[in-house]
Amino acid sequence: MTIKEVCEKFDITPDTLRYYERVGVIPEVNRTPGGIRDYNEEDIGWVENAVCMRSAGVPVEMLIEYVKLYQQGDETLEARKNLLMETKNEVQKQLDKYQATMNKLNFKISRYEEAVKTGILSWETDKDG
């Protein structure tokens, strides 16, 4: 695939894709004899991983470390697993924050829905509910 096709597939800019390769978020991509990037299935997998992780807020530095460990071979399996577990814990913290925000929004919306019906805005919860 060309850089344009990959960018369209993942809705990212060519600059982002080149940056990911330059800093090591994805391994170096094979090029045609003319020097044009030629993304194969493995490359696409790395791009997909990078886009997914970045959309979840995973730091670029963690992704770079993961790629470095991967390139060192199977002796880094444990280290890669540990890095992924650390990342999972950080993403879970973010999810918990988002869930708390959703709960607060749902409560506020329910209070406004009740106010629209009754004409009275109250921040008290039902004693029965």
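Predicted model: local features only at pLDDT ≥ 70, side-chain atom pairs only at ≥ 80, totals over all residues.

Biologist: Which residues line the largest pocket?

Modeller: The lining consists of Ala56, Gly57, Val58, Pro59, Met62, Leu83, Glu86, Thr87, Glu90, Val91 and Gln94. By class, six of these lining residues are nonpolar, three are polar and two are charged.

Biologist: What volume does the largest pocket have?

Modeller: Its volume is about 150 Å³.

Biologist: Let us turn to helix packing. At roughly what angle do the axes of α4 and α5 cross?

Modeller: The general idea is to compare the directions of the two axes, and an angle over 145 degrees counts as roughly antiparallel. Here, helix α4 (residues 60-71) and helix α5 (residues 77-118) have axes that come within 10 Å and cross at roughly 165°. The two helices are therefore roughly antiparallel. The crossing of α4 past α5 is left-handed.

Biologist: Which residues make the contact between α4 and α5?

Modeller: From α4 come Met62, Glu65, Tyr66, Leu69 and Tyr70, while α5 provides Ala79, Arg80, Leu83, Leu84 and Thr87. This contact has seven nonpolar residues, one polar residue and two charged residues.

Biologist: How are α1 and α2 placed, roughly parallel or roughly perpendicular?

Modeller: Angles of 65 to 115 degrees count as roughly perpendicular. The axes of helix α1 (residues 3-10) and helix α2 (residues 14-23) cross at roughly 105° and come within 9 Å, so α1 is roughly perpendicular to α2. In this contact, Ile3, Val6 and Cys7 of α1 meet Pro14, Leu17 and Arg18 of α2. Five of the contact residues are nonpolar, none is polar and one is charged.

Biologist: At what angle does α1 pack with α3?

Modeller: The angle between α1 and helix α3 (residues 41-55) is about 40°, and their axes lie 11 Å apart. The pair is therefore described as oblique. In this case α1 passes α3 in a right-handed crossing.

Biologist: Which residues of α1 and α3 meet?

Modeller: Val6, Lys9 and Phe10 of α1 meet Ile44, Val47, Glu48 and Val51 of α3. The contact comprises five nonpolar, no polar and two charged residues.

Conventions
Residues numbered from 1 in each chain as written. Heavy atoms only, no water. Axes fitted to C-alpha atoms, helices over the stretch in contact; angles between N-to-C directions. Helix = DSSP H or I, 4+ residues; strand = E, 2+ residues; numbered from the N terminus. Parallel < 35°, antiparallel > 145°, perpendicular 65-115°, else oblique. Left-handed = near helix turned anticlockwise from the far one by under 90°. Contact = heavy atoms within 4.5 Å. Nonpolar A, V, L, I, M, F, W, Y, C, P; charged D, E, K, R; others polar. 1 Å grid on protein atoms, 1.4 Å probe; cavity = no way out; pocket = protein on both sides within 12 Å on 5 of 7 lines; lining within 4 Å. Points joined across faces, edges and corners; volume = space filled by probe spheres on them.
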